[in-house]
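Subject: A structure to look through, with notes

Hello,

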Amino acid sequence: MSMAQSAVIEIASAGGTNAERAYEIIRERLVMLDIRPGEPINDDRLAEELGFGRTPVREALKRLERERLVVAYPRRGTFATAVDMTDLADISEIRKRLEPTAAARAARSATQDARARLAALAADIAEISDTEDPREVLRKDVHVHREIYRASGNPHLEDILVSLDAHATRIWCLFLDRLPDVASHVREHAALLQAIVDGDEDTASALTLAHVAGFEAAIRNLL
(Lines give C-alpha, C1' and ligand atoms only; values in the text may rest on other atoms or scores of the structure.)
Protein backbone atom coordinates (compact mmCIF):
# COMPACT_ATOMS: atom_id res chain seq x y z
CA MET A 1 0.00 0.00 0.00
CA SER A 2 1.34 3.42 -0.97
CA MET A 3 1.65 6.34 1.41
CA ALA A 4 -1.11 8.09 -0.55
CA GLN A 5 -3.52 5.18 -0.08
CA SER A 6 -2.63 4.97 3.59
CA ALA A 7 -3.28 8.71 3.98
CA VAL A 8 -6.75 8.41 2.46
CA ILE A 9 -7.62 5.45 4.68
CA GLU A 10 -6.32 7.32 7.74
CA ILE A 11 -8.35 10.41 6.89
CA ALA A 12 -11.50 8.42 6.18
CA SER A 13 -11.26 6.55 9.46
CA ALA A 14 -10.31 9.58 11.58
CA GLY A 15 -12.71 11.58 13.72
CA GLY A 16 -14.53 14.67 12.56
CA THR A 17 -17.48 15.30 10.32
CA ASN A 18 -17.89 13.90 6.82
CA ALA A 19 -17.34 17.42 5.49
CA GLU A 20 -14.00 17.64 7.31
CA ARG A 21 -12.90 14.23 6.03
CA ALA A 22 -14.02 15.08 2.48
CA TYR A 23 -12.09 18.35 2.74
CA GLU A 24 -8.86 16.61 3.75
CA ILE A 25 -9.08 14.01 0.97
CA ILE A 26 -9.99 16.45 -1.81
CA ARG A 27 -7.43 18.97 -0.58
CA GLU A 28 -4.66 16.38 -0.71
CA ARG A 29 -5.59 15.51 -4.30
CA LEU A 30 -5.56 19.16 -5.28
CA VAL A 31 -2.23 19.89 -3.58
CA MET A 32 -0.51 16.85 -5.12
CA LEU A 33 -2.08 17.63 -8.52
CA ASP A 34 -3.92 14.32 -8.62
CA ILE A 35 -6.70 16.71 -9.60
CA ARG A 36 -4.92 18.68 -12.29
CA PRO A 37 -4.96 22.50 -12.51
CA GLY A 38 -8.00 23.63 -14.47
CA GLU A 39 -9.67 20.24 -14.22
CA PRO A 40 -13.46 20.29 -13.62
CA ILE A 41 -14.64 18.84 -10.31
CA ASN A 42 -17.87 16.86 -10.39
CA ASP A 43 -19.21 17.02 -6.84
CA ASP A 44 -21.79 14.26 -7.48
CA ARG A 45 -19.09 11.88 -8.72
CA LEU A 46 -16.82 12.79 -5.81
CA ALA A 47 -19.63 12.24 -3.34
CA GLU A 48 -20.31 8.80 -4.79
CA GLU A 49 -16.60 7.90 -4.81
CA LEU A 50 -15.98 9.06 -1.23
CA GLY A 51 -19.27 7.79 0.14
CA PHE A 52 -19.93 10.99 2.07
CA GLY A 53 -23.00 12.34 0.27
CA ARG A 54 -23.33 15.55 -1.76
CA THR A 55 -23.70 18.03 1.12
CA PRO A 56 -20.35 17.24 2.86
CA VAL A 57 -18.52 17.36 -0.47
CA ARG A 58 -20.09 20.70 -1.36
CA GLU A 59 -19.19 22.09 2.06
CA ALA A 60 -15.62 20.89 1.54
CA LEU A 61 -15.46 22.55 -1.89
CA LYS A 62 -16.68 25.86 -0.46
CA ARG A 63 -13.87 25.71 2.10
CA LEU A 64 -11.34 24.88 -0.61
CA GLU A 65 -12.59 27.82 -2.66
CA ARG A 66 -11.76 30.13 0.24
CA GLU A 67 -8.25 28.68 0.19
CA ARG A 68 -7.99 29.38 -3.55
CA LEU A 69 -7.54 25.72 -4.41
CA VAL A 70 -10.78 25.57 -6.40
CA VAL A 71 -12.84 28.20 -8.19
CA ALA A 72 -16.59 28.08 -8.88
CA TYR A 73 -18.19 29.75 -11.88
CA PRO A 74 -21.97 30.28 -12.13
CA ARG A 75 -23.56 27.83 -14.60
CA ARG A 76 -20.14 26.38 -15.45
CA GLY A 77 -19.19 24.45 -12.33
CA THR A 78 -16.18 24.08 -10.05
CA PHE A 79 -12.61 23.73 -11.25
CA ALA A 80 -9.17 23.22 -9.70
CA THR A 81 -7.36 26.54 -9.77
CA ALA A 82 -4.45 27.06 -12.11
CA VAL A 83 -0.91 27.05 -10.77
CA ASP A 84 0.23 30.62 -11.35
CA MET A 85 4.01 30.93 -11.39
CA THR A 86 3.72 34.67 -10.78
CA ASP A 87 2.63 33.73 -7.25
CA LEU A 88 6.04 32.21 -6.47
CA ALA A 89 7.66 35.47 -5.36
CA ASP A 90 4.68 36.49 -3.23
CA ILE A 91 4.43 33.08 -1.55
CA SER A 92 8.17 32.94 -0.92
CA GLU A 93 8.25 36.44 0.53
CA ILE A 94 5.72 35.51 3.21
CA ARG A 95 7.13 32.05 3.87
CA LYS A 96 10.64 33.45 4.40
CA ARG A 97 9.27 35.54 7.26
CA LEU A 98 6.74 33.19 8.83
CA GLU A 99 8.31 29.73 8.43
CA PRO A 100 11.40 30.65 10.52
CA THR A 101 9.06 32.18 13.11
CA ALA A 102 7.09 28.94 13.35
CA ALA A 103 10.24 26.82 13.63
CA ALA A 104 11.75 29.06 16.33
CA ARG A 105 8.47 29.10 18.23
CA ALA A 106 8.27 25.30 18.04
CA ALA A 107 11.84 25.02 19.37
CA ARG A 108 10.91 27.33 22.23
CA SER A 109 7.50 26.07 23.25
CA ALA A 110 6.69 22.65 21.76
CA THR A 111 5.30 20.13 24.23
CA GLN A 112 7.19 17.00 25.14
CA ASP A 113 4.74 14.94 23.08
CA ALA A 114 5.34 17.19 20.09
CA ARG A 115 9.12 16.91 20.50
CA ALA A 116 8.80 13.13 20.62
CA ARG A 117 6.81 13.15 17.36
CA LEU A 118 9.36 15.43 15.71
CA ALA A 119 12.28 13.28 16.87
CA ALA A 120 10.67 10.17 15.38
CA LEU A 121 9.95 12.08 12.18
CA ALA A 122 13.57 13.27 11.99
CA ALA A 123 14.77 9.68 12.12
CA ASP A 124 12.34 8.69 9.38
CA ILE A 125 13.26 11.63 7.15
CA ALA A 126 17.00 10.93 7.49
CA GLU A 127 16.42 7.48 5.98
CA ILE A 128 14.77 8.69 2.76
CA SER A 129 16.39 6.92 -0.19
CA ASP A 130 17.50 8.66 -3.37
CA THR A 131 15.54 6.00 -5.28
CA GLU A 132 12.26 6.62 -3.45
CA ASP A 133 9.28 7.78 -5.50
CA PRO A 134 9.55 11.61 -5.63
CA ARG A 135 5.81 11.99 -5.04
CA GLU A 136 6.02 9.97 -1.84
CA VAL A 137 9.06 12.02 -0.80
CA LEU A 138 7.09 15.20 -1.41
CA ARG A 139 4.21 13.91 0.73
CA LYS A 140 6.72 13.45 3.54
CA ASP A 141 7.86 17.04 3.03
CA VAL A 142 4.27 18.24 3.45
CA HIS A 143 3.92 16.13 6.59
CA VAL A 144 7.08 17.61 8.10
CA HIS A 145 5.92 21.15 7.51
CA ARG A 146 2.50 20.50 9.01
CA GLU A 147 4.01 18.91 12.12
CA ILE A 148 6.29 21.91 12.64
CA TYR A 149 3.40 24.34 12.25
CA ARG A 150 1.38 22.28 14.70
CA ALA A 151 4.26 22.18 17.18
CA SER A 152 4.50 25.97 17.09
CA GLY A 153 1.38 26.09 19.24
CA ASN A 154 -0.06 29.08 17.38
CA PRO A 155 -3.19 28.00 15.47
CA HIS A 156 -3.43 31.26 13.53
CA LEU A 157 0.14 30.97 12.31
CA GLU A 158 -0.47 27.29 11.56
CA ASP A 159 -3.50 28.05 9.37
CA ILE A 160 -1.64 30.67 7.35
CA LEU A 161 1.37 28.44 6.76
CA VAL A 162 -0.65 25.34 5.90
CA SER A 163 -2.38 27.36 3.19
CA LEU A 164 0.87 28.81 1.83
CA ASP A 165 2.59 25.44 1.87
CA ALA A 166 -0.28 23.96 -0.14
CA HIS A 167 0.29 26.44 -2.95
CA ALA A 168 4.07 26.03 -2.77
CA THR A 169 3.65 22.25 -3.01
CA ARG A 170 1.45 22.60 -6.10
CA ILE A 171 4.27 24.55 -7.75
CA TRP A 172 6.74 21.88 -6.67
CA CYS A 173 4.53 19.11 -8.12
CA LEU A 174 4.34 20.91 -11.43
CA PHE A 175 8.12 20.63 -11.82
CA LEU A 176 8.68 17.39 -9.93
CA ASP A 177 9.86 15.38 -12.94
CA ARG A 178 12.48 18.04 -13.69
CA LEU A 179 13.73 18.78 -10.18
CA PRO A 180 17.03 17.16 -9.27
CA ASP A 181 17.73 15.60 -5.90
CA VAL A 182 14.30 15.98 -4.30
CA ALA A 183 15.20 13.39 -1.66
CA SER A 184 18.22 15.42 -0.54
CA HIS A 185 16.10 18.56 -0.29
CA VAL A 186 13.61 16.81 1.99
CA ARG A 187 16.34 15.11 4.04
CA GLU A 188 17.44 18.62 5.06
CA HIS A 189 14.50 18.54 7.43
CA ALA A 190 16.20 16.01 9.69
CA ALA A 191 18.62 18.62 11.05
CA LEU A 192 15.83 21.18 11.34
CA LEU A 193 13.59 18.80 13.26
CA GLN A 194 16.45 17.91 15.59
CA ALA A 195 17.14 21.60 16.26
CA ILE A 196 13.51 22.03 17.28
CA VAL A 197 13.65 18.95 19.50
CA ASP A 198 16.81 20.36 21.13
CA GLY A 199 15.18 23.75 21.71
CA ASP A 200 17.72 25.54 19.49
CA GLU A 201 15.64 28.46 18.19
CA ASP A 202 18.41 30.17 16.19
CA THR A 203 19.43 27.04 14.30
CA ALA A 204 15.82 26.06 13.64
CA SER A 205 15.09 29.51 12.24
CA ALA A 206 18.23 29.64 10.09
CA LEU A 207 17.74 26.15 8.64
CA THR A 208 14.12 26.92 7.82
CA LEU A 209 15.01 30.12 6.00
CA ALA A 210 17.66 28.28 3.99
CA HIS A 211 15.17 25.55 3.09
CA VAL A 212 12.50 27.97 1.86
CA ALA A 213 15.05 30.00 -0.11
CA GLY A 214 16.40 26.77 -1.60
CA PHE A 215 12.93 25.81 -2.78
CA GLU A 216 12.47 29.13 -4.55
CA ALA A 217 15.90 28.96 -6.14
CA ALA A 218 15.36 25.41 -7.39
CA ILE A 219 12.13 26.39 -9.11
CA ARG A 220 13.56 29.58 -10.61
CA ASN A 221 16.45 27.60 -12.10
CA LEU A 222 13.88 25.72 -14.18
CA LEU A 223 11.99 28.75 -15.44
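In this predicted model, helix H10 passes helix H11 in a left-handed crossing. The axes of H10, which covers residues 189-197, and of H11, which covers residues 201-220, come within 8 Å and cross at roughly 155 degrees. Since angles over 145 degrees count as roughly antiparallel, H10 is therefore described as roughly antiparallel to H11. On the H10 side the contact is made by His 189, Ala 191, Leu 192, Ala 195 and Ile 196, while H11 contributes Thr 203, Ala 204, Leu 207, Thr 208 and His 211. If you sort the residues of this contact by class, you will find six nonpolar and four polar residues, with no charged residues.

A residue in another helix is also worth a look, namely Ser 92, whose place is in helix H5, the stretch of residues 87-109. Is Ser 92 buried or exposed? Its relative accessibility is 1%, and because buried means under 20%, Ser 92 counts as buried. Leaving aside residues up to four places away in sequence, Ser 92 touches Val 212 and Glu 216. Ser 92 and Asp 181 are 89 residues apart along the chain, and their C-alpha atoms are separated by 20 Å.

Next comes the sheet. It is an open sheet of three strands, arranged in the order S1-S3-S2 and paired in the antiparallel sense. Strand S1 (40-41) and strand S2 (70-73) stand at the edges, and because each has a single partner strand, one side of each is left without a neighbour in the sheet.

How many bridges join S2 to S3? There are four, and the two strands run antiparallel, with Val 71 having Phe 79 in S3 as its bridge partner. S1 pairs with S3, which spans residues 77-80, over two bridges, again in the antiparallel sense, and here it is Pro 40 that has Phe 79 of S3 as its bridge partner. When you follow the side chains along these strands, please keep in mind that in a regular strand they alternate between the two faces of the sheet.

S2 and S3 also form a hairpin with three residues between the strands, and in that hairpin Arg 75 takes a positive phi near 65 degrees. Finally, helix H4, made of residues 54-66, lies across S1 and S2 and runs at about 110 degrees to S2.

Key. Residues are numbered from 1 along each chain as its sequence is written. This is a predicted model: local features need pLDDT of at least 70, side-chain atom pairs count only at pLDDT 80 or more; totals for chains, interfaces and linings use all residues. Side-chain values use heavy atoms; hydrogens and water are left out. Two strands pair if DSSP finds at least two bridges between them. Contact means heavy atoms within 4.5 Å. Axes are lines fitted to C-alpha atoms, for helices over the stretch in contact, and angles run from 0 to 180 degrees between N-to-C directions. Angles under 35 degrees count as roughly parallel, over 145 as roughly antiparallel, 65 to 115 as roughly perpendicular and the rest as oblique. A crossing is left-handed if the near helix is turned anticlockwise from the far one by less than a right angle, and right-handed if clockwise. Ala, Val, Leu, Ile, Met, Phe, Trp, Tyr, Cys and Pro count as nonpolar, Asp, Glu, Lys and Arg as charged, and the others, Gly among them, as polar. Buried means under 20% relative accessible area, exposed over 50%, partly exposed in between (1.4 Å probe, protein chains only).
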